[in-house]
Amino acid sequence: MLPSEEEGLQNKTSTFVCLARDFAPQLHKFHWQHNGNHLLGESSCEQKGSEANFTASSYLVISHAHWASGASVKCVFEHRTGNLSKQVQQGVGDLTPSVILHPPMWRGKDGGSKAQLLCAFDGVDMKSLAVEWSVDGNPQPNSEMFGQSSRLEVDTRDWNPGSRYSCKVKPGDKKSWIEKSIQVCSDGHFLAPEAELDRPPLRDVITQQEVVVTCRVTAAGASRVSWRVDDKHTQSQAVKEYRAANGRLISNLTLPVTTWNTLRSVSCKVEHPCYPTEASITMPEPGSQEPTVIIRRPLEDWERDQSLVLECLLGGLSSTEVSVTLQANGKDLPKTEYVTIPVQKDQNSLTAVRFTIPDDQKGVNKRFSCKVNHNIQAKSPKISSSTGKLFAPPTLELFHTPGSGSTKLVCVGSGFNPQLKWNLSELKLNAIKKKSMGEGGRLTVTSEVDVPQTEWYKGTTFSCEVKDENQKHQTRNISICLAAPHTGFADVHLVGPPVNVTASDDVLVTCLLVGYGISELPIVWKVDGRVVSDGVTTPPSSVNANGTQSRRSELKLEAKKWHGRADVSCEVARLCDTAPLVRSISKPKGQLSVELAPPSQRDIFLYSKVALECIITGADSAAVDDAQVTWTVAGDKQLSQSPDKQGMRNGQFRKVSKLMVDMADWFSGKVIECLVSDQHYGVVKNSPLTRSIQKSDGADPEVLIYTLPEARDPNHDSVVCEVRGPSLGDVYVMWQVDGGGYVEGNTGLLHQDNGSVSVVSILTVKSQRVADATLFTCAVKHGGMKDYTAPLSVQYSKMTRSVPTVTLLHRPGELVCLVFGFSPAAINITWLKNSIRVEAPEQGTAQPSRGPDGRFSTHSHLNLTSGDWDSGMKFTCVVTHVTGELSQDISKPEPKNEVFFHDDNMADAVPEDTVAETLNMAWAFLFLFLLSLLYSCTATLIKVK
């Protein structure tokens, strides 16, 4: 601010004021320069301009002569945020009047009740200058001039409520006033207050009768606090306020716990002249945050010798406080933890609360769980699932896993703190241990050792022991005899001589052992139960590539004993066996195979008897020749045809015996048996080989007929007949083509996805026959039929659809509706009289007949009375077919007068009756046409059959 001329004339001095405002931090410095030279002797004043920023000013007084001589004065403000400067020069500047109203400068470092407003002006004539102050429009006479400025003292009681201060300046050479105004909210004196609302600790909510809600207000100058609970003002007795050392305003609201537990919201409202604000707490709805609670026993704590630590893991919570209690068998333990959970950005975040199990809770039946109170308004706390019985006695399992060069032994112990120990029969083996913590909190320790196969197959017993706290020790033993006594140490195979050995040659029988530790196993040979040693050779054992051993013992046997079918055995006493393992062999006794074939479908359909075949096969021709066959029907012996030996087939000799059985006996379900025996030495311990067969009953099946896609074979058409039902018995399927004789299709079983079985028969015919043979009939007989002579029949026609043609004719006493050229044959003809249906006795319809082109024709007639026809009624023939519905109408034509025609060529009259004669002739020709059509169809059918 520049000095006034009045000061220069009266005091011979010029005073300059440099004002800096709204800076922070407080540390600063002013410098003055006159014509570029640094000056000393300036004075400064520091004041707090607002709650956060500072204001400072500096004064410089020089002689009026120096200023008037055209000097320049510069003020430099130094601060850590940067240096600022302002320079003025005598006679240089804008002479346009300007007014600046500066915010008040409060007295003292922390401000006070009094302050000064400064109204500075420039470019004005100070001699005739008029300055007026007002507060909210009321004049203020107590201002004073200071240089080129005017100062007004301000009281905080007027300033803080927001009063409006105005400074009006009128230079003498101007006619209008220049006015500037200011008030508390526009000067930056106050920072916007911030309010924080703190919930009462959950511990107080649970354990105390009253709780305190705290509202903390920052930048609280000129602020007042009011409280609302559920949108209602609270009583002032429940509120206590004080200012903290940091300047914050602290307001505490005390509420009964019962009120806190039932309220919906509580708010702290900060009243401020410039920046009112509010903070609220809204109680969450029950179930708005549904936590997940998991209890676990951390493995890492067990590894740090903190085996009694349990963790409660809380999920699904954010920005809340919870209480966590450890329970033992559903009862709370004394210690409760109160945890504040911050805002969780990740919804999968978990909060861990740790407990140590008290010593008095180490019972063998103790189970532990976590109880969480997350919302005091919730009806019940959240409780985790329980641990297992942590201190129950340990469990121990011992397994083995065979390998190529060793056997792996696995010992698994489970308990609170299980310790495993091996007894390996003086073997020094490295044990590999693994640890894992189960969901129930029980620790599982696994120890593995690899035992060499040589030691394992010696039958050595290995043991594993588990110890756990003060529990009883447990031990498990294992050896090859305990783990796999039935697998033994060796497989024994007995191999006889070749099949083509001659009767004069001695034979060689070999006993082969394969396994581990078999070199010392004793091998004993017996012939017909007697121990033999002559002719026995047993070379040393050999080692195979996989580590197993092979040992061979051979017995040279006289040919007559072998061909006499002597019983030769090899006995090996293995370590784990209570009795020796015996393998026996003798010359084969001509083993036979017997099959009883069911009757053919052709027999079932075409004959009164069915032929059953008993087929005997074997590799020994003599055994097949000596086989005798006996037939029985329901236990009664039957005479059969002599067996027919058919030579070799697929390397086997074959003989067939046939029996003819009455159809009635077969369908009645009688059991038919074929018994095969040997006349010399018998078959299978002198008992005959027996095969039996009988008809299988079943429920009535469903028969379906359909076609296969023709694109598979363009030259053939295939029709499928499927027989299915919930319980199918015997099913026989034959085909007829256009009513001809029975033919067989390709019949087999179809297994459905649902597990049921269907019988499917496929008939394939050449496509060129479709025009002549379009009707396929699937005939089915089954075991559940009461009348086996009448098969179930389903038909299918491949003829394409053809639309019928309808013609309506009138004859004396009747109407005839001709319908022809349609396919398939199913059709319905209805008569209407004046759109009303005619009853059946008055009309009749013939059965459709097929023409040479495969299409059908028929006709229907309606009896007429003379009165019906003469009355002019309208008659309609309605034809309903799969291709659609057609109709034709007819009625008696209107009567006409006799008409005579005269011309030069014909003088005779032509009466109208001549038309009737023509119609009769048309009927005659139509009758002859239908007769010839019927004859041609009959002839065609006879030729096809």
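A disulfide is a pair of cysteine sulfur atoms within 2.5 Å, and in general terms it is a covalent bond between the sulfur atoms of two cysteines. In this predicted model, the count by that rule comes to nine disulfides, and the tour visits some of them.

Begin by selecting Cys119 and Cys167, which are joined by a disulfide with an S to S distance of 2.1 Å. Looking along this link, you will find that it is left-handed, with -85° about the S-S bond. The pair links distant parts of the chain, since Cys119 sits in strand 9 (residues 114-122) and Cys167 in strand 14 (residues 165-170), 48 residues apart. Are these two cysteines buried or exposed? Cys119 is buried, at a relative accessible area of 0%, and Cys167 likewise counts as buried at 0%.

Next, select Cys312 and Cys370, where a disulfide spans 1.8 Å from S to S. Its torsion about the S-S bond is about -80°, so this disulfide is left-handed. Because Cys312 lies in strand 25 (residues 309-315) and Cys370 in strand 29 (residues 368-373), the pair ties together parts that are 58 residues apart in sequence. Cys312 is buried, with a relative accessible area of 0%, and Cys370 is buried with a value of 0%.

Finally, select Cys411 and Cys464, whose disulfide has an S to S distance of 1.9 Å. This link is left-handed, with -85° about the S-S bond. Cys411 belongs to strand 32 (residues 406-415) and Cys464 to strand 36 (residues 462-468), so the pair ties together parts 53 residues apart in sequence. Both Cys411 and Cys464 are buried.

Key: Residues numbered from 1 in each chain as written. Predicted model: local features only at pLDDT ≥ 70, side-chain atom pairs only at ≥ 80, totals over all residues. Heavy atoms only, no water. Helix = DSSP H or I, 4+ residues; strand = E, 2+ residues; numbered from the N terminus. Buried < 20%, exposed > 50% of the residue type's maximum accessible area, 1.4 Å probe, protein only.
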